[in-house]
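Here are a few exercises to work through with the model open. Try each task before you read its solution.

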Amino acid sequence: MEILIHPNPVLKDTAVPVDPAHDPDLRGLVKRMAEAMYAHDGVGLAAPQVGIQKRVIVFDVDDALYAVCNPVITERSAQTVVDDEGCLSVPGITVPVERSVSIVCEGLSVDGKRVVLEASDLMARVIQHESDHLDGVLILDRLSPEDRKVAIRAYNEALSA
Ligand SMILES: [Zn+2]
């Protein structure tokens, strides 16, 4: 699967919820997304990044593959941390993004079972990053206007290199 990159307008759209019980394509979609993620050495991927406007994310943390449909972050720690983040849709750069240290994420498995993930550190960061994609939010949108300008310049240089 081709991964769309900024400034593709599809990345700015809001994805729609899925119904695992009535979506026969879901399992195949998750499989192809995981393959694309691993092929690009990513730790996470959201369906809009492959042009599918469905609320589905996959990620791999500590050698375990997770797929969550309709993920909702129901709790966020007040404590945050700033760390460098990359994105397969913004290749070539990393930017410092502030995220909650720990979160609770609720959603559905591809089988339609309820999933509750208590995540911290890297997993919490990845879930927050991938959930952002479902609302059309990129790491560039998490920066101050000044930092964003610098990041876009670096991104355009990386693309033309
Ligand atoms: Zn991303």
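Helices (H or I, at least four residues) and strands (E, at least two) are DSSP runs, numbered from the N terminus. Axes are lines fitted to C-alpha atoms, for helices over the stretch in contact, and angles run from 0 to 180 degrees between N-to-C directions. Strands pair if DSSP finds at least two bridges between them. The model is predicted: local features need pLDDT of at least 70, side-chain atom pairs count only at pLDDT 80 or more, and totals for chains, interfaces and linings use all residues. Residue numbers start from 1 along each chain as its sequence is written.

**Exercise 1.** Trace how β3 pairs with β2 and β6.

*Solution.* Start with β2 (residues 56–61): six bridges tie it, antiparallel, to β3 (residues 64–76). Val58 has Ala67 in β3 as its bridge partner. Two residues sit between the strands of this hairpin, and Asp62 has a positive phi near 55°. Now go to β6 (residues 102–108), which pairs antiparallel with β3 over five bridges; there, Val72 is partnered by Glu106.

**Exercise 2.** Work out the strand order and find the edges of the sheet.

*Solution.* The open sheet reads β1-β2-β3-β6-β7, with antiparallel pairing. β1 (44–46) and β7 (114–120) each have a single partner strand, so one side of each lacks a neighbour in the sheet. From one strand to the next, the twist averages 40°.
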